[in-house]
Amino acid sequence: MADDDDFRPLLGRQRARGGPPKPRPALHAIMAAANLARGGAGPRGKRGFTGSRIGRGSGMGQVLASRDRFAAFRVRRVIVKARIVRLKGKGLAAAKAHLRYVERDGTDRSGERGQLYGAETDQADRRAFVERSEGDRHQFRFIVSPEDGADYEDLKSFTRRLMTRMEEDLHTRLDWVAADHFDTGHPHVHVVLRGRDDSGRDLVIARDYIRHGMRERAAEIVDLDLGPRSDETIRRGLLAEVEQERLTSIDRGLLRDVGGDGIVRPERGDPFQQTLRIGRLRQLERLGLAQSEGEGWRLAPDLAETLKGMGERGDVIRTMQRAYAARGQALPDARLRMQFDPARDDATPLVGRMVARGLADELEDRHYLVVDGTDGRSHFVGIGKGEAVGAIPVDAIVEISPRPAQLRSADHTIVSVAAANGGRYSVDIHLEHDAGASQRFAETHVHRLEAMRRALGTIEREPDGSWVIGSDHLDKAAAYEAIRARDQPVVVETLSAVPLERLVHADAATWLDRELTAHDPTPRGEAGFGGELGQALARRRQWLINEGLAADHAGTTAYAPDLTAQLRRRELLRVAGHLSGELGLRFTESLPGERIEGTYRRPVDLVSGRFALIEKSREFTLVPWRPVLERQVGNSVAGIMREGAIHWSIGRGRSGPSIS
């Protein structure tokens with residue numbers, strides 16, 4: 001070249017467009033593999049962008065996943081469940097509750113209370129971890145369960161080595177706490193990881209790594225500790241799957257091998273594998289899920305879903321068996337067992353005695369109740385998120401009703417107001433649109449919009465505080481109710497925190513009294529709790545007659561018209577006498593229509609229900625408790641006493657903000 005502008009292109013032969021492409025040089029293949037290991041883009045395929053490789057550890061997740069396809073048969077199996085939890089709003093409070101759950105009683109190998117630990121300590125400070133998490137956008141929660149976890153004395157060393165390998169793969173220090181749980185048939189460890197890296201930025205872990213990398217790293221550690229699975233262990237595990245009534249690895253293999261004619265053939269080069277498949281197909285035939293046709297079998301079209309459902313039902317039965325065994329009782333036979341399904345059109349409220357409460361899904365914090373119903377049957381009830389249902393004493397009497405997943409009148413009101421005001425809604429707009437509406441009434445609609453915005457993230461609020469209401473608002477409201485129905489499928493009401501046997505002779509207003517005087521009492525069967533309830537009602541009726549609160553006239557019982565009020569007042573005055581001596585204050589009885597002012601001190605649980613202790617300068621009173629008082633301990637409250645309800649407000653002034 002004579003100068004910068006002088007050049008002569010050398011054109012090679014144009015590559016033919018037809019025929020197979022030429023093989024790539026070895027260097028290109030090496031560079032592509034290296035790029036993949038670093039997390040770079042792989043070959044372009046038809047799947048398109050999925051986002052599964054965004055974040056730390058993406059390349060390592062792919063490499064480990066690839067290795068899993070070739071050499072995992074002998075690897076010790078480890079189950080890893082993961083969840084990412086956002087900490088905005090109520091998220092941090094939920095994170096605190098989750099850590100308390102992780103440290104609950106009876107979870108370590110000796111049956112004692114669980115203890116959090118960390119990378120360098122066996123006794124991690126839960127409060128300190130929560131304080132460090134304040135301001136974090138999110139946190140990760142993992143449950144890691146080695147198949148052979150029972151062979152470990154504890155899982156601390158295993159967990160620390162796993163988290164160290166993760167730090168190497170993710171190229172950052174990790175801030176985490178964990179606790180071992182040995183209270184189930186499969187020992188496991190709960191790990192809570194902050195969503196911050198060592199530079200203080202948000203920690204983003206690639207989904208590929210969470211899906212594959214963690215599991216493979218955990219399996220490597222178990223392999224080093226216990227060695228690969230032996231041939232005999234593998235054979236025993238596969239033979240055990242043949243008769244199981246759940247979806248197994250053999251079933252998945254059969255489903256993959258279904259031919260174009262819809263027939264699966266059991267032939268295999270390995271005689272043992274062929275024996276397994278034939279045995280499993282015959283078991284499926286006995287279950288009505290496969291049909292023999294010539295040289296093969298035709299599988300039921302809903303085979304996988306049916307087997308998953310059978311496995312879930314088996315888990316429910318085992319859960320109920322453990323609940324009754326803990327009480328020294330036998331689980332009722334199949335005719336007296338039911339799973340409460342709130343989604344059924346004919347679902348009716350269930351009343352019964354709570355036998356046990358537990359976690360159906362530890363990672364998602366989904367709880368269940370086992371209830372001995374008045375219908376004489378034992379019920380398994382999924383109640384959704386644990387935070388939605390407060391603490392319930394064992395043997396308490398509860399009523400469980402399906403939560404209606406339907407639009408509220410507030411949703412229609414919001415749409416109506418917005419339609420007349422350019423698609424905008426606010427309290428001021430509502431009050432101007434409807435002169436008869438109160439400030440408090442309009443504010444309830446704003447609370448509804450706030451809840452929908454937090455759950456869906458698709459409701460827009462303008463800087464001036466007004467809300468943008470689109471033409472699809474009712475569809476969004478329906479989607480919000482569907483989310484609520486999944487998280488809170490039922491409403492659980494405690495009818496009596498006191499067990500049935502203590503209600504018979506209680507000098508107080510009891511649930512038995514309400515049943516005796518009800519126009520439509522709860523239906524009851526002859527077996528189980530239903531039979532016990534019938535006996536208890538007969539004994540309570542006789543007790544009321546002896547106390548002069550009821551009379552028997554030719555086989556018909558007449559009850560005092562103010563029976564419940566009399567019994568409630570008798571208990572209230574009795575308990576108030578004890579409290580008066582304890583507090584050094586005079587008790588004053590509150591009457592309907594009276595204004596109540598004072599400092600809320602604490603709740604007082606009676607057989608008649610929960611009451612609030614309101615302290616004045618030289619006296620105190622007891623009034624029905626309401627959930628709005630839960631966060632007001634030590635605060636001044638004021639309200640009007642009404643029959644069966646109180647409207648409270650914070651502070652002593654009448655214009656104080658409402659908390660009812």
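The exercises below, each with a worked solution, concern a predicted model of one chain.

**Exercise 1. The chain as a whole**

State how many helices and strands the chain has, and what share of its residues is buried.

Solution. The secondary structure consists of 18 helices and 24 strands. The chain has 660 residues, and 41% of them count as buried. Turning to contacts with a separation of 6 or more, 63% of these are between residues 24 or more positions apart.

**Exercise 2. The setting of His-188**

Solution. 
1. Leaving aside residues up to four places away in sequence, His-188 touches Ile-143, Val-144, Ser-145, Leu-155, Ala-179, Asp-180, His-181, Asp-183 and Glu-362.

**Exercise 3. Helices α5 and α6**

Classify the angle between α5 and α6, then describe their contact.

Solution. 
1. Helix α5 spans residues 156-170 and helix α6 residues 207-226; their axes come within 10 Å and cross at roughly 135°.
2. Angles over 145 degrees would count as roughly antiparallel, and 65 to 115 as roughly perpendicular. The pair is therefore oblique.
3. The crossing of α5 past α6 is right-handed.
4. On the α5 side the contact is made by Phe-158, Arg-161, Leu-162, Arg-165, Met-166, Asp-169 and Leu-170. On the α6 side it is made by Tyr-209, Met-214, Arg-217, Ala-218, Glu-220, Ile-221, Val-222 and Asp-225.
5. Sorted by class, the contact of α5 with α6 has nine nonpolar and six charged residues, with no polar ones.

**Exercise 4. Helices α11 and α13**

Carry out the corresponding analysis for α11 and α13.

Solution. 
1. Helix α11 (residues 409-419) packs against helix α13 (residues 439-456) at about 100°, and the axes are 10 Å apart.
2. Because the class runs from 65 to 115 degrees, α11 is roughly perpendicular to α13.
3. From α11, Ala-410, Asp-411, Thr-413 and Ile-414 meet His-445, Arg-448, Leu-449 and Met-452 of α13.
4. The classes in the contact of α11 with α13 are four nonpolar, two polar and two charged residues.

Conventions. Residues numbered from 1 in each chain as written. Predicted model: local features only at pLDDT ≥ 70, side-chain atom pairs only at ≥ 80, totals over all residues. Heavy atoms only, no water. Contact = heavy atoms within 4.5 Å. Axes fitted to C-alpha atoms, helices over the stretch in contact; angles between N-to-C directions. Helix = DSSP H or I, 4+ residues; strand = E, 2+ residues; numbered from the N terminus. Parallel < 35°, antiparallel > 145°, perpendicular 65-115°, else oblique. Left-handed = near helix turned anticlockwise from the far one by under 90°. Nonpolar A, V, L, I, M, F, W, Y, C, P; charged D, E, K, R; others polar. Buried < 20%, exposed > 50% of the residue type's maximum accessible area, 1.4 Å probe, protein only.
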